[in-house]
Amino acid sequence: MQQLIANKEDTEQVFHIIDALNGDSALKDFDRFLSTPEGWSRFKKRDYLPPILDNHEPLLALPKGSVGRTYVEFMEREGLSAAGLVAESERRSAAWREIDDDLLWYGNLLRDTHDMMHILTGYGRDALGEAALLGFTHSQHGGLGVSFIAFMGGRQLAKAAPRDARIRDVIREGRRNGKLARRIIEQDIEDLLPRQLEEVRSELNINEPVAYKRAHDVIRAHGLDPYEAMAA
């Protein structure tokens, strides 16, 4: 956690923390996934998202405001790739890859959906957006490791941000929004790509991150850049 606090881009530490603290929550979450018609349909399909999401040309050809085009614009702007996240996850010990193939597929699906969740939820890649998104993720999937990162992220950011940005409210909002929304992991991401983002958000009951946007406004009102002010 200290290494992650020192550098939020050190994604490898996220996987170490989750491995250490999540216990059997992934198995319980997988059972929940398989108990739904949508989850079972995805399981039978067993799609692998990175090659689809990293094939930018057809996604950029989608209409403006679509999920796929918005995703690619976001990834190119941030200098990210789905394959890059895969590589980060594989830097940890190989022991995690020895679990049952079905559960491994599900774990990879959770990993490969993370950056898409930024698009669907409206939380950015600034430190506050990442912490709030992890709060959202914990409400959807459980896992002490994810909850711990969200809590510690909010705690550290509250020290750095102006008090009236109300950072803890942002993390609570992320958790609340995740609880109210339909489970994103059960949606067929390929089917969502050509659809309009606002339409998908409405269908999945994903609420606007009001407290997060307000915090950004407050930070800017203090003459600071939200993406830089809390980076350290």
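How many positive and negative side chains does the protein have, and how far apart do the centres of the two sets lie?

1. **Charges.** The protein has 31 positive and 38 negative side chains. The centres of the two sets are 7 Å apart. Lys and Arg count as positive, Asp and Glu as negative, while His and the chain ends are not counted. Each charge is placed at NZ of Lys, CZ of Arg, CG of Asp or CD of Glu.

2. **Basis.** This is a predicted model, in which local features need pLDDT of at least 70 and side-chain atom pairs count only at pLDDT 80 or more, while totals for chains, interfaces and linings use all residues. Residues are numbered from 1 along each chain as its sequence is written, and side-chain values use heavy atoms, with hydrogens and water left out.

3. **Overall fold.** The secondary structure consists of 16 helices and zero strands. Both are DSSP runs numbered from the N terminus (helices: H or I, at least four residues; strands: E, at least two). The C-alpha atoms fill a box of roughly 50 × 40 × 30 Å along the principal axes. The radius of gyration is 17 Å, which agrees with the value near 17 Å for a compact globule of 232 residues. That radius is taken over C-alpha atoms, and the globule rule is 2.2 Å times the number of residues to the power 0.38.

4. **Packing and surface.** Of the 232 residues, 49% count as buried. Buried means under 20% relative accessible area, exposed over 50%, and partly exposed in between (1.4 Å probe, protein chains only). Take the contacts between residues at least 6 apart in sequence: 73% of them join residues at least 24 apart. Contact means heavy atoms within 4.5 Å. The accessible surface comes to about 11500 Å², and carbon and sulfur atoms hold 52% of it. Areas come from the Shrake-Rupley method with a 1.4 Å probe; for residues, only the protein chains shown count as cover.

5. **H118.** This residue sits in helix α9. H118 is buried, because its relative accessible area is 2%. Its side chain has a polar contact of 3.2 Å with the side chain of E130. The side chain of H118 also reaches the backbone oxygen of G124 at 3.3 Å. A polar contact is a pair of N or O atoms within 3.5 Å; within protein, one must be able to donate a hydrogen and the other to accept it, and residues adjacent in sequence count only if both atoms are side-chain atoms. Neighbours within four places in sequence aside, H118 is in contact with F74, Y123, G124, R125, E130 and L133.

6. **L104.** Helix α9 (residues 101-121) also holds L104. L104 counts as buried, since its relative accessibility is 17%. Its C-alpha atom is 9.9 Å from that of A26, 78 residues away along the chain.

7. **N22.** Here the setting is the loop between α2 (11-21) and α3 (25-34). N22 counts as buried, at 15% relative accessibility. A polar atom of its side chain lies 2.7 Å from the backbone nitrogen of G145. Beyond its neighbours within four places in sequence, N22 is in contact with G143, L144, G145 and V146.

8. **Positive phi.** Check R46 and N205. R46 has phi near 50°, a positive value in a residue other than glycine. R46 lies in the loop between α4 (37-45) and α5 (49-53). N205 has phi near 60°, again positive and not in a glycine. Its loop runs between α14 (197-203) and α15 (210-221). R46 is partly exposed, with 37% relative accessible area; N205 is partly exposed, with 38%.
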